[in-house]
Amino acid sequence: MIDPVFVTVAVIAVLIVGLSKAGLLGGLGVVGVPLLALVMPARDAAGMMLPVLLCMDAVAVWMYRKEFDRNILKIMLPGAAIGTLLGWALWAFVSDAVVLLMVGVVTLLFVIDAVFPIRKKLEGLPPSKPWGIFWGGVAGFTSFISHTGGPPFQIYVLPRKLPPLVYSGTTAVFFAIVNTAKLIPYFFLGQLNVHNLTLSAALAPVGVIGVFLGIYLVRRISMKLFYRIAYWLVFLLALQLIWDGTNRLLAG
């Protein structure tokens, strides 16, 4: 815990996740575990991050408690429950590298699709229930494996063009429920051990600061600029995930 490299990387990772929890950085919060994996085992990073995420979730849900889309949650959460159970069942068989590469490719395809005219025709239409259940399931699965549920969630939600506060609130409530559901599986998998919980307690205040800072900025940014930034960040994130996943697969 006193290693300056570890402390620096951990603080940066948790701060980015905190800003993302507030809705400021799109799905860039998924870099939290990959960044931490540079200085600790990826599985331990996932276990350590869960309590920190729950602290951030509590703040974000409280701040956005009146600003979220219930219909989207009703559609996506059943799929997320299935994805979470599937992630638990496949925990020992699915590597972090495969998950990162899969999420990166899907996210890149989403961003490419977003630039074509057909996407504009879909915006504003009522949410498709089967599509929402599917992407909710993908988000639940990738969130369980490595807390990378943001991009699949955004693939379904970003085209809805929700007001920034409603988008942020919907994101906060969705992942608060998903992360809470991961507590029991993580406990039985041994991810919530004393070492990880000690690190979580030390880093939780950094995450909370990030959430408050993100909420402050989200309330002062225009809708057009908000979504322009979100799409660009998701694009860069997709490239980073593909790069990390490919390198890890090639490394064995």
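**Close-up views of a predicted model**

View 1. With a relative accessibility of 0%, T142 counts as buried (buried means under 20% relative accessible area, exposed over 50%, and partly exposed in between, using a 1.4 Å probe and protein chains only). You'll find T142 in helix α7, residues 129-146 (helices are DSSP runs of H or I with at least four residues, strands are runs of E with at least two, and both are numbered from the N terminus). A polar atom of the T142 side chain sits 2.9 Å from the backbone oxygen of V138. That side chain also reaches the backbone oxygen of A139, at 3.4 Å. (A polar contact is a pair of N or O atoms within 3.5 Å; within protein, one must be able to donate a hydrogen and the other to accept it, and residues adjacent in sequence count only if both atoms are side-chain atoms.)

A word on the numbers: this is a predicted model, where local features need pLDDT of at least 70 and side-chain atom pairs count only at pLDDT 80 or more, while totals for chains, interfaces and linings use all residues. Residues are numbered from 1 along each chain as its sequence is written, and side-chain values use heavy atoms, leaving out hydrogens and water.

**View 2. The largest nonpolar core.** This core has 24 residues, and V14, L36, M40, M48 and M49 touch the most other members (a nonpolar core is a set of buried Ala, Val, Leu, Ile, Met, Phe, Trp, Tyr and Cys residues joined through side-chain atoms within 4.5 Å). Helices α1 (4-21), α2 (32-36), α3 (42-63) and α11 (194-218) each give it two or more residues. The top contributor is α3, with eight. A second, separate core has 20 residues, including F68 and V157.

**View 3. Where α1 meets α3.** These helices pack at an angle of about 35°, their axes 10 Å apart (axes are lines fitted to C-alpha atoms, for helices over the stretch in contact, and angles run from 0 to 180 degrees between N-to-C directions). From α1, the contact uses V14, V17, G18 and K21; from α3, the partners include M49, V52 and M56 (contact means heavy atoms within 4.5 Å).

**View 4. V14 and I209.** Beyond its neighbours within four places in sequence, V14 is in contact with residues including L203, V206 and G207. I209 belongs to helix α11 and, at 54% relative accessibility, counts as exposed. Although 195 residues separate I209 and V14 in sequence, their C-alpha atoms are 9.7 Å apart in space.
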